[in-house]
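Here is a short briefing on one protein structure. Please look through the sequence and the model before reading the points below.

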Amino acid sequence: MWLPIEPLGRLIEAGGTVLVLIAVVAMALFSLALERGLYWRFHHRRARRELIHRWASRHDHVSWSALTLRETWARELIARLRRPLPWLRLLVALCPLLGLLGTVTGMIQVFDSLALTQAGQARAMADGVARATLPTLTGMAVAVVGLLFVTRLEQVIRREDQRLHDRMARAVEARHA
């Protein structure tokens, strides 16, 4: 019978408790990424349409106060899209550091076991070093995938900022045409 605890036990045995910590950080990172995708699909698009409609239905579009209001509305909408970016960046930066911590603690365990046995067993040392470097590999892999997502999200936000201003201007032109 397969128990979901077995793979977790093997994971802890293979890479140590730091590997579990990296897995928790990875889950948080990918949960935030999923949340941003769902926010974009279900909330942001509707909020953008409402903002464009609210702007187009105004009578004044050219005064300084109207343009300032338009910019404020646009910045608020884009700021809601940007909200989790600092957390995403923090989690991405944390992954390689946790991997390094796992490697250092794993190497300390390897050297402790070598000191206790007082034997230069190359095979045992190689297994210990391989086990110690697993957290670094995992931390780097999670960080790379997270960095790809953060970079893509930043591109989408920059493009959305420009498109929002363009759509607001076109909505006013279509209303006056």
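What is the mean pLDDT of the protein chain, and what share of its residues reach 70 or more? The model is predicted; the mean pLDDT of the chain is 87, and 92% of its residues reach 70 or more.

**Confidence**
- Confidence is lowest in helix H1 (residues 5-15), with a mean of 73, and highest in H3, with a mean of 94.
- Where pLDDT is low, the predicted coordinates should not be read in detail.

**Helix H2**
- Helix H2 covers residues 17-56, which is 40 residues.
- At 1.5 Å a residue H2 should span 58 Å, and because its end C-alpha atoms are 56 Å apart, the two values agree.
- H2 has a kink of about 45 degrees, centred on Trp40.

**Packing of H2 and H3**
- The axes of H2 and H3 (residues 64-82) are 10 Å apart and meet at an angle of about 170 degrees.
- Angles over 145 degrees count as roughly antiparallel, and H2 and H3 are therefore roughly antiparallel to each other.
- Residues of H2 in the contact include Trp40, His43, His44 and Leu51, and those of H3 include Leu67, Arg70, Trp73 and Leu77.
- By class, the contact holds eleven nonpolar, two polar and five charged residues.

Notes
Residues are numbered from 1 along each chain as its sequence is written. This is a predicted model: local features need pLDDT of at least 70, side-chain atom pairs count only at pLDDT 80 or more; totals for chains, interfaces and linings use all residues. Side-chain values use heavy atoms; hydrogens and water are left out. Helices (H or I, at least four residues) and strands (E, at least two) are DSSP runs, numbered from the N terminus. The expected span of a helix is 1.5 Å times one less than its number of residues. The bend at a residue is the angle between axes fitted to the seven residues ending there and the seven starting there. Axes are lines fitted to C-alpha atoms, for helices over the stretch in contact, and angles run from 0 to 180 degrees between N-to-C directions. Angles under 35 degrees count as roughly parallel, over 145 as roughly antiparallel, 65 to 115 as roughly perpendicular and the rest as oblique. Contact means heavy atoms within 4.5 Å. Ala, Val, Leu, Ile, Met, Phe, Trp, Tyr, Cys and Pro count as nonpolar, Asp, Glu, Lys and Arg as charged, and the others, Gly among them, as polar. pLDDT is the predictor's confidence in each residue, from 0 to 100.
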